[in-house]
Amino acid sequence: MAERIWNMKEQINFKNVIQTVFRDYLVLAAIALLVIITSIVEPKFLTTGNMTNIMRQFGPLIMVALGMTFVIIGGFIDLSVSGILSLVAVVTISLIEPLGQVGALIVGICLGTFCGYLNSVLILASGAMKQAEALFITYGMSTVYGALALIYSGGRTKQMSLVKANTSIYKTIGTGTVGILSVSFIMFLVCLLLLYIFQNKTYMGRTIYLTGGNKTAAELAGIHIRRSITLIYTISGLMTALGAIVLFSRVTAASPVIGKGYETNAILAVVVGGTTLIGGNGSVLRTVLGTTLVILLSNCLNLLGVSVYMQYMMKGAILVLAIWLDSRKQL
Amino acid sequence: MENTGQDIILSIKNVCKSFPGVKALDQVSLEVRRGTVHGIVGENGAGKSTLMKILSGVYQKDSGTIIFDGEDIKSTTPIQSMKRGLSIIYQELNLVNTMSVGENIFLGRFGEMGGMRGVHAKAKELLKSIGSNIDTYKLVSELSVSEKQMVEIAKALSFDSKLIIMDEPSSSLTADEMKELVKIIHHLKDQGISIIYISHKLDEIFEFCSMVTVMRDGHVIDTKPITEITRAEMIAKMVGRPIENEYPERPDCVGETLMEVRSINTKKLHNISFKLRKGEILGFVGLVGAGRTEIVRAIFGADKVKGHEILIDGKPVKIKNPRDAKKAGIALVPEDRKLQGLVLPFTVESNISMANLDKITRFGFLDSSAERGMAEKHVKALGIKTPSVKTKVRSLSGGNQQKCIVGRWMETNPRILILDEPTRGIDVGAKYEIYLLMKKIAESGGSIILISSELPEVLNMSNRVLTICDGRITGEFDPKTASADQIMEKALEFGRKDLEHERAN
């Protein structure tokens, strides 16, 4: 039996190399292809205006997707990000007036982090050690957070109050630039750097990979897997809160359903990037590629005049394709 | 050859199979006579299972010919092979746990059998023909491993198999269950069915195979009638070098008490108390499911257990989870290395370091050169055969994988090392190295708890043996003086009483 495994693994290793390379380049190739075709067909694509637009759209999604990456590496999934995003957005925006800019920012970030932490508490308390169980728990929590957002806002879209001071943090995040880079893009670069170091160089980062790789073995080797699970959901909550702030700063308003669709887009970005749903592997860098593809795709399709409904269908098809490639890799 | 054609059920000639980077089978030729049990032995990686997978149609051969029952088989699929009369029973049985016995036997063929009633009637008949009276309406998940195996055999028979391949069928069977299997094998043989029997356990090969083929590194080394080969010759052919002893000399350096376990009680375990001394190898003997693994899991904090006491050096220690156990100096090499021991897609390095991450962490950051050093130290010390420490652990052989887990725990400097089935599914050479390692640990003052289903292993390595039956410790023996029969009698005690009780009712 063992030699069978040996032989199969040899084969897989070989395949893995090819497929990893193939798939990494596939994402890059898809991005390049998209850029080339669209810029030929629609010259508007390459204008500075559109590029800034892309960078701004990139901002909120990448934040959520970076957090989601850790949840998926840890072998779990988080559907609650859409709810958290809406809740954080409406709460923060409404607190700018009474608490001031900084106060609202702190409350918003803490709220998102706490929501993520609460997810992990519920998951651990219910003993849900499987991805599917976590999926339903976080789906339930998404509904709860979404409902809280609706109750809090009374179902109305909150406008960002025009802050009297000339310097507004939110205005800077939303429209500010440093050189050719938007401020939200710089925020993303900082987060990426920190998370990349966290992922590759730290003890906690390693325990997340081990938890995703094999929970039983990790626990028997004395790894605190409950702490890993708490950590991944807390990170996801924190990153979603940052995503919420970037998002409402750009649109200067927050509706209680502003986060709708972010969970699927974030998971799509992570999986298309090549982080496998089975857990134990992947990287925030891959997620950057995945997010780029997702954002470019919707931007290009918009420019080319493809209807939104058609876009939904294409996104769904890409997710299925990515998961199919993913499972091919695990054969 | 021509005149014996009728007697040969399976003839394999010059079969080759390559995988990228490895030649798994090189010019393999083999003949199996009708109505015989043909043993195939060889170390892990010898090519046994690859050959069987080609026969069953999971893989396709690169070249060579296979003639089964007079028919030249060019290419085949698992279903076609089964219909031709060639069935394979894998080590990890392929049954649907949530379906009944009858449904499993005729899976996908309910219509042909005339509905569920026909399925169960025919299944019952088949099981009866191999001397089993399992209720065909029972769910497979409720069966013991040996009963599952019977279901697999019945399934093979339902295809009118002429040749049944058994891939290490005994690795999870207890001695009694093994006797049942032997009976069935003889019975099948009498019906004219040929069997290819793959096993690591040479005793079994000698017990009931008439021919044996030794494989090594993708070659057939030799095929001989069992009467013309000795055990030592067989081992020498398997490993390619003579091995003088299967077991090293027993270490003898038992000191004072190191750990005392007092009254572990759970649903399954009843009043488990024992002492472990310094430098001692303590063997646990019992059937699979007797509670051996549960005892060590309770000690190690892997299962939630309350109300027991563990004293190390006379001082009580609280062990609530594996982390506490690690701190207390206890290490556990678990029963199932693939599911519980290793993170298969990860590197050798990270599998070794995973119990020792705190050692290579400075202010929360991992020191990758320290990690590498740690892994290389153990790869060298334990002789782990791997291209580098960055190799994925899943590509190593069973024995080397096991050594990675041992290395992981050696780094923690454990005072108590618990080995649960440390040599399951690994080859003779690697086994000997594991034994040597145990000896070394004991001689350097460490204590070992050894759980094994292979009685000779426990008897030859332990200083003291505890028999465990039905969640109780039923006896204590000195393996130097006690006989295997005496020990097995105690290990089966409660089971037997239960049986008598049932019969009386």
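Reader: What makes helix α1 of chain B, residues 48–56, mostly covered?

Author: In this predicted model, 9 of the 9 residues of α1(B) are buried. They are Lys48(B), Ser49(B), Thr50(B), Leu51(B), Met52(B), Lys53(B), Ile54(B), Leu55(B) and Ser56(B). The cut-off for buried is 20 or more other C-beta atoms within 10 Å. Each residue just named counts as buried.

Reader: What follows α1(B), and what is its phi?

Author: Gly57(B) follows α1(B). The phi of Gly57(B) is positive, near 95°.

Reader: Why is Lys44(A) called exposed?

Author: Lys44(A) has 11 C-beta neighbours inside 10 Å. The cut-off for exposed is 12 or fewer. A count of 11 meets that, so Lys44(A) is exposed.

Reader: Where is Lys44(A), and which residues is Lys44(A) in contact with beyond four places in sequence?

Author: Lys44(A) is in the loop between α1 (2–41) and α2 (48–73) of chain A. Leaving aside neighbours within four places, Lys44(A) is in contact with Asn50(A) and Leu303(A). Ser120(A) is 76 residues from Lys44(A) along the chain, and their C-alpha atoms are separated by 45 Å.

Reader: Why are α4(B) and α5(B) called roughly perpendicular?

Author: Take the axes of α4 (residues 115–129) and α5 (residues 145–158) of chain B: they cross at roughly 110°. Roughly perpendicular covers 65 to 115 degrees. The angle falls in that range, so the term applies to α4(B) and α5(B). The two axes come within 9 Å.

Reader: Which residues of α4(B) and α5(B) meet, and how do they divide by class?

Author: Ala123(B), Leu126(B), Leu127(B) and Ser129(B) are on the α4(B) side. Met150(B), Ala154(B), Leu157(B) and Ser158(B) are on the α5(B) side. The contact of α4(B) with α5(B) has 6 nonpolar, 2 polar and no charged residues.

Reader: Which residues make the contact of α10(A) with α11(A), and how do they divide by class?

Author: From α10(A) come Asn265(A), Leu268(A), Ala269(A), Val270(A), Val272(A) and Gly273(A). They meet Arg286(A), Thr287(A), Leu289(A), Gly290(A), Thr291(A), Leu293(A) and Val294(A) in α11(A). The contact of α10(A) with α11(A) has 7 nonpolar, 5 polar and 1 charged residues.

Reader: What does chain A contain overall?

Author: Chain A has 12 helices and 4 strands. Of its 331 residues, 47% count as buried. Among the contacts in chain A with a separation of 6 or more, 79% join residues 24 or more positions apart.

Reader: How is chain B divided into domains?

Author: Domain 1 is 2–239, domain 2 is 247–329 + 414–505 and domain 3 is 337–412. The centres of domain 1 and domain 3 of chain B, taken over C-alpha atoms, are 36 Å apart.

Methods: Residues are numbered from 1 along each chain as its sequence is written. Chains are lettered from A and ligands numbered from 1 in the order in which they are written. This is a predicted model: local features need pLDDT of at least 70, side-chain atom pairs count only at pLDDT 80 or more; totals for chains, interfaces and linings use all residues. Two residues are in contact if their C-beta atoms, placed from the backbone, lie within 7 Å. Helices (H or I, at least four residues) and strands (E, at least two) are DSSP runs, numbered from the N terminus. Ala, Val, Leu, Ile, Met, Phe, Trp, Tyr, Cys and Pro count as nonpolar, Asp, Glu, Lys and Arg as charged, and the others, Gly among them, as polar. Domain bounds come from an automatic or database domain assignment. Axes are lines fitted to C-alpha atoms, for helices over the stretch in contact, and angles run from 0 to 180 degrees between N-to-C directions. Angles under 35 degrees count as roughly parallel, over 145 as roughly antiparallel, 65 to 115 as roughly perpendicular and the rest as oblique.
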